[in-house]
Amino acid sequence: MNMAIRVFLLVLIIFSSICPALCIYEDQVGHMDWHQQYIGKVKHAVFHTQKAARKRVIVSTEENVVASLDLRRGEIFWRHVLGPNDVIDAIDIALGKYVITLSSGGTILRSWNLPDGQMMWESILSGATPSNSLLSIPANLKIGKDDVVFVYGSGCLYAVASIDGEVIWKKELTSEGGNIQQLIYPDGTDIIYAVVLVGLAQFDAYQINVKTGELLKHSSMVFPAGFSGDLSFITSDIAVTLDTTGSVLVAVHFQGGAISFHQTHVSELDRDFSGAAVMLPTKLPGMFALEINKSIVFIKVTNEGKLEVVDTFGRSTAVTESLYLSEGQQAFGLVQQGDGEIILTVKRGDDWKSNLLQETIQMDYQRGIAHKVFVNTYARTDRSNGFRVLIVMEDHSLFLLQQGEIVWSREDGLASVTDVIASELPVEKDGVSVAKVEHNLFEWLKGHLLKLKGTLMIATPDDIAAIQKMRLQSSEKSKMTRDHNGFRKLLIVLTRAGKLFALHTGDGRIMWSLLLDSLRKSETCQNPRGLSLHQWQDPHHHVLDENPSVLVVGRCDHSTDSPGVLSIVDTYTGQERNRMGPAHSITRVIPLPFTDSVEQRLHLLLDVNLQARLYPRTTEALDIFLRELGNIYWYSADVDKGILKGHAVQKNCILEIADSYCFNTRDLWSIVLPSESEKIIATVTRDLNEAVHTQAKVTSDQEVMYKYISKNLLFLATVSPKAVGPTGSVTPEESWLVVYVIDTVTGRILHHMTHHGSQGPVQAVFSENWVVYHYFNLKAHRYEMSVIEIYDQSRLDNKDILKLLLGKHNLTSPITAYSRPEVITKSQSYFFTHSVKTLAVTSTAKGITSKQLLLGTIGDQVLALDKRFLDPRRTINPTQAEKEEGIIPLTDSLPIIPQSYVTHALKVEGLRGITTVPAKLESTTLVFAYGVDLFFTRLAPSRTYDSLTEDFSYALLLITIVGLVIAIFVTWVWSEKKELQEKWR
Amino acid sequence: MDKGKAIMGSGRRWAVEFTDNSTSNSARDIPDPPGFTRASHDPDDSAVSKQKKDAEANWKAQKAWDVAQSPFKNLCMMGFMMWMSGSTVHLFSIGITFSALWQPVNALRGVDKVFEPYKDNRVDLLAPKLVFTALNLVGLGMGIWKLNTLGLLPTHVSDWVSSIAPAQEVEYSGGGIPLQ
């Protein structure tokens with residue numbers, strides 16, 4: 001065996017001398033990786049179509065992205081991803097060339113150059129009281145020389161120069177914690193009106209001098225019944241709202257500082273009214289919208305202040321803001337939902353009856369309903385108004401409609417991936433292969449001849465371009481069937497919109513998508529969201545007659561005790577196979593290591609009452625489960641209380657309706673962390689599907705260390721309660737980080753260690769018998785990474801070679817955690833330059849290949865770091881034998897090799913997670929990184945020692961062989977002749 | 001012309017072997033001429049020839065001993081080469097080691113062939129053969145020893161357990177922080 005390793009090493013050395021480096025060449029970019037850019041669900045959109053310049057739309061999204069999109073093709077001109085806490089409140093365009101964004105609760109105002117997206121200036125507007133935020137850019141207002149932007153945030157009103165972000169004046173408006181509802185600036189005057197609601201019952205109107213910020217007039221009036229929140233502004237001096245009961249409409253007139261209330265009962269407008277109405281946030285001329293009895297009612301306010309119902313629509317109708325047309329008129333758009341289509345209507349503000357435009361557009365049912373609509377106008381050749389409409393659908397996708405057609409669409413739901421799972425493609429057989437991609441022999445030869453030319457450096461630039469194109473469009477990688485190497489797979493991703501996508505690993509295209517009905521808003525499920533994805537069925541023995549499927553776990557509301565929903569989706573077809581719920585609450589999903597006869601994995605779902613439910617609900621699954629009942633345990637980590645508890649599954653639970661798939665649990669052990677000194681901040685376990693090749697680790701002196709490999713290990717990190725805050729909020733003396741390695745069957749603490757003066761956030765990864773974690777060292781002012789390796793001492797006495805030779809050892813017999821094997825741990829710490837967003841580790845099919853850590857850096861890139869750098873056996877001066885084994889001399893910090901950035905020059909904006917999937921080829925692992933962007937690539941941590949590189953020149957090999965054969969033949973003839981002559985002499 | 005060409009083409013037609021001194025009749029097709037006796041032994045020559053044969057036997061024995069001792073030189077050289085090649089696994093040391101293993105094995109396989117020229121009824125080849133074999137075995141041993149120092153022999157526990165898969169666990173546990 002050792003020999004095998006040595007020979008392998010030898011081969012590796014030979015290979016490493018052939019392969020120049022781990023990194024890739026410039027022309028290999030895009031060869032086996034792909035990168036997709038998204039922006040997320042659009043919140044605001046501002047069109048910029050005035051000039052002859054490129055038409056664009058500026059959008060801000062729920063992923064905190066501000067972007068400029070090409071209005072013709074939907075491509076991104078530029079894009080900025082703000083931090084996760086920097087939520088964009090409003091965007092607008094100032095001076096026709098700057099994009100102004102207001103974010104972080106109205107405290108950060110930024111200006112971006114419209115053509116290229118460079119930041120022009122940034123102003124921090126700090127205020128005392130948190131409040132809502134407003135951005136208002138009056139069209140023609142100058143204070144001195146400066147054009148001005150009005151911003152309301154943190155209880156203060158600011159006038160900011162739009163050219164350089166200087167605050168011209170600041171006025172604190174609300175000491176009592178009110179919210180400005182609207183800023184009204186009538187054109188050409190010197191007064192700006194601010195309408196404020198204080199404490200849901202008081203209506204304030206301020207008149208402020210725009211030049212100085214001086215308060216001119218303040219009028220206030222209390223409405224005893226109280227308001228329900230939102231105000232709808234009808235004209236510049238009338239606003240409409242509802243009272244707290246939601247049954248009385250209150251029209252507020254605040255003309256000239258005098259405030260008056262006019263009340264109208266909703267039932268006067270709608271006879272069938274019952275319950276409570278909801279004011280919808282609309283900005284329509286002389287009109288507002290109410291949601292009554294699950295339908296949307298448009299109500300017009302006449303000049304005399306009377307209210308009359310104009311029209312009633314179904315609930316799933318989206319309305320745009322009003323749009324000024326050239327003749328001083330206003331228009332707005334409405335999108336209604338039809339069956340497999342949407343109906344777009346554009347109406348004039350003053351005339352409800354006639355439509356400026358009505359179009360019906362086919363829309364995939366998988367897109368759901370329209371959530372947001374933005375309308376923009378353009379002049380047609382006949383000088384009439386044409387309209388283009390930007391629609392945000394339920395699945396967060398974005399469409400531009402013009403002249404009854406979809407001009408472009410963007411799948412921006414993929415910007416909010418919450419969970420990923422890999423699934424196999426169908427096996428290649430007759431009639432399954434979707435894409436016919438095999439080309440003929442001539443083309444194959446031609447391609448290889450081109451490659452040969454490239455290798456011999458006699459290729460012309462045209463040839464090089466052809467080679468590059470051939471590489472990128474290699475049809476082999478985008479086939480719809482399984483390949484020999486296992487590079488082609490499906491990535492099933494769940495997005496925040498509750499939609500499942502299947503992405504092909506070859507080129508990242510969407511194979512199918514499914515908007516899960518169980519994760520859509522409904523009567524029984526008000527705020528559904530997807531929680532996680534699990535492999536439900538992964539057929540190996542029944543590959544040909546069973547399709548793989550995934551389990552989608554969701555929850556109806558935000559609280560943990562809300563009912564859960566389950567869906568099982570076929571990954572070949574993208575059809576929902578089964579649906580359950582809303583049923584019991586779901587707090588934990590435990591995939592069990594058992595499968596039934598059709599290879600459906602058994603899952604244990606725990607609810608908030610600590611009752612376990614078995615899925616699939618079949619008698620066969622129940623039999624398997626009951627057989628293994630005594631060996632199934634589970635643990636719960638309570639972050640708030642700081643308690644870790646171990647449980648065992650007991651007999652059936654007592655319910656009103658007997659359920660043989662429901663089980664009670666009982667407590668076995670508990671670890672109570674002292675709440676005054678420790679707070680749980682991170683838990684990490686091993687990946688269930690991780691393959692481990694061997695349990696032994698051979699050191700340089702031929703000694704063996706046995707790894708303690710258990711799937712039931714938990715890595716737990718706690719910090720002192722003071723150190724929970726951000727870095728720097730605590731002194732090193734009162735901050736510490738404690739890490740534990742705990743066996744979750746017995747509750748035994750295998751290892752614990754305290755890092756004094758250290759702080760979170762902790763990112764960790766657990767693989768085989770080691771944990772690597774990343775934290776901040778306050779004393780050294782640097783980030784650190786530590787490694788813990790766990791070894792089993794109780795197996796060390798297997799020393800008799802003869803016994804091993806005959807197989808008479810207990811190394812492979814099943815072990816129980818109750819035998820309390822003696823373990824030792826080794827650990828070491830290193831400085832690390834980067835802060836890390838997420839940590840992952842490469843995984844291969846058999847677990848033979850050495851591992852690499854994948855670090856999601858703060859710069860949204862993925863960095864690969866050899867596990868060899870995090871080896872607790874590193875010493876400053878390793879012996880020759882240790883060096884030979886591959887132990888690197890100890891240094892205080894981990895090196896960052898620029899070539900080992902997996903994402904090379906690209907950024908995965910808003911990086912949230914990295915998933916690794918083993919390929920069938922042992923040397924290779926597939927890496928998928930997701931955030932706002934998606935990135936996929938193949939990695940070979942020990943280089944591709946088991947296959948030839950893809951650009952290996954078969955033509956060269958062939959020519960060499962032919963040449964050699966000819967040479968042999970010629971020399972043979974020569975030698976024959978010479979021999980004959982020798983004989984004649 | 002044609003005939004001559006044909007003769008030239010087919011090479012020689014006949015030849016006379018003047019150095020033929022084989023004693024048996026049956027080996028030849030042509031019978032000896034009458035009165036000619038091939039085995040005409042001069043009785044006077046026998047003493048001389050015996051002496052000559054003794055000398056030859058001595059010489060053969062000496063040569064056989066030389067041959068038997070020849071692996072020793074080889075051994076020395078091999079030892080030197082092994083010492084030079086060091087104890088790390090690389091192309092050179094592996095080459096040396098394998099040649100060190102191959103040479104003795106090859107020599108042992110051809111022991112009889114090596115001593116074939118010195119085969120004589122009066123020469124005792126057993127002792128030289130034994131020495132030769134022993135020396136080659138020493139060489140083989142050195143090769144194996146070298147193999148061991150290179151770590152290519154499975155004599156350690158590590159060689160037998162390095163690919164043993166992890167043991168199965170009886171218990172199974174899952175769970176964690178509630179899903180958020």
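The torsion about the S-S bond of Cys525(A) and Cys556(A) is about -105 degrees, so the disulfide is left-handed. The sulfur atoms of Cys525(A) and Cys556(A) are 1.9 Å apart in this predicted model, a disulfide being here a pair of cysteine sulfur atoms within 2.5 Å, and by this rule the count over all chains comes to 1 disulfide. Because Cys525(A) lies in the loop between strand 39 (510–515) and strand 40 of chain A, and Cys556(A) in the loop between strand 41 (549–555) and strand 42 (564–570) of chain A, the pair ties together parts that are 31 residues apart in sequence. Helices (H or I, at least four residues) and strands (E, at least two) are DSSP runs numbered from the N terminus.

Residues are numbered from 1 along each chain as its sequence is written, while chains are lettered from A and ligands numbered from 1 in the order in which they are written. As the model is predicted, local features need pLDDT of at least 70 and side-chain atom pairs count only at pLDDT 80 or more, whereas totals for chains, interfaces and linings use all residues; side-chain values use heavy atoms, with hydrogens and water left out.

Two cis peptide bonds are set out in the table.

| Cis peptide bond | Omega | Place of the proline |

Ser104(A), although not a glycine, has a positive phi of about 55 degrees, and Ser104(A) is found in the loop between strand 7 (98–103) and strand 8 (108–113) of chain A.

Turning to the interface, 61 residues of chain A are in contact with 33 residues of chain B, where contact means heavy atoms within 4.5 Å. Chain A and chain B bury about 4,200 Å² between them, 62% of it on carbon and sulfur atoms; buried area is the accessible area (1.4 Å probe) that two parts lose on being put together, summed over both. Among the elements that give two or more residues to the side of chain A that touches chain B are helix 1 (2–18), strand 47 (632–638) and helix 6 (801–806) of chain A.

Strand 47 of chain A pairs with strand 1 (residues 172–176) of chain B in the parallel sense over 5 bridges, pairing requiring that DSSP find at least two bridges between two strands. Ile632(A) stands opposite Tyr172(B) in strand 1 of chain B.
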